[in-house]
Amino acid sequence: LKAEPGMAKKFAVTSFHDSQKVMPQADGSAEITFQVASAGEMIPWLMTWGPTVEVLEPQWMRNEVANNARAIVEMYAAEKIG
């Protein structure tokens with residue numbers, strides 16, 4: 001994961017998982033890694049962070065989060081008749 005600077009501070013002081021590793025970046029952001037057995041369960045949790053946390057890898061998880069975000073945009077952008 002890549003966390004924007006404001007969120008990077010939260011990850012630096014809060015452990016969300018025993019395997020969490022936070023690597024601060026020069027721009028104030030942070031890269032965060034986790035080792036989990038079932039990464040698919042992380043997707044709803046990742047979605048709660050909105051644009052402040054980006055999935056860098058694995059690619060399938062990045063794609064799934066992007067698909068969920070597109071579905072949300074489509075839901076709110078669609079004109080509902082009836």
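**Aromatic contacts, sheet and pockets**

Trp45 is partly exposed, with a relative accessible area of 25%. Buried means under 20% relative accessible area, exposed over 50%, and partly exposed in between (1.4 Å probe, protein chains only). The model is predicted: local features need pLDDT of at least 70, side-chain atom pairs count only at pLDDT 80 or more, and totals for chains, interfaces and linings use all residues. Residues are numbered from 1 along each chain as its sequence is written, and side-chain values use heavy atoms, with hydrogens and water left out.

The structure holds seven aromatic pairs. Rings of Phe, Tyr and Trp (its six-membered ring) pair if their centres lie within 6.5 Å; planes under 30 degrees apart count as stacked, over 60 as edge-to-face and the rest as tilted. The ring centres of Phe11 and Trp49 are 5.6 Å apart and the planes stand at 50 degrees, so this pair is tilted. Phe11 belongs to helix α1 (residues 5–13), and Trp49 to the loop between α2 (42–47) and β4, 38 residues apart. Both Phe11 and Trp49 are buried. Phe34 and Trp45 form an edge-to-face pair, because their planes are at 85 degrees, with ring centres 5.9 Å apart. Phe34 sits in the loop between β3 and α2 and Trp45 in helix α2, so the pair ties together parts eleven residues apart in sequence. Phe34 is buried, with a relative accessible area of 16%. One aromatic cluster is formed by Phe11, Phe16, Phe34, Trp45 and Trp49.

Four strands make an open sheet in the order β2-β3-β1-β4, with antiparallel pairing. β2 (21–24) and β4 (53–54) are the edge strands; each has a single partner, so one side of each lacks a neighbour in the sheet. Helices (H or I, at least four residues) and strands (E, at least two) are DSSP runs, numbered from the N terminus. Two strands pair if DSSP finds at least two bridges between them. Four bridges join β2 to β3 (residues 30–33). Pro24 stands opposite Ala30 in β3.

The largest pocket has a volume of about 260 Å³. Of its 13 lining residues, the closest to the centre are Leu1, Ile32, Thr33, Phe34 and Glu57. β3 gives the most to this lining, with three residues. A pocket is an open set of points on a 1 Å grid where a 1.4 Å probe fits, with protein on both sides within 12 Å along at least five of seven lines; lining residues have an atom within 4 Å of a point. A volume is the space filled by probe spheres set on the points.
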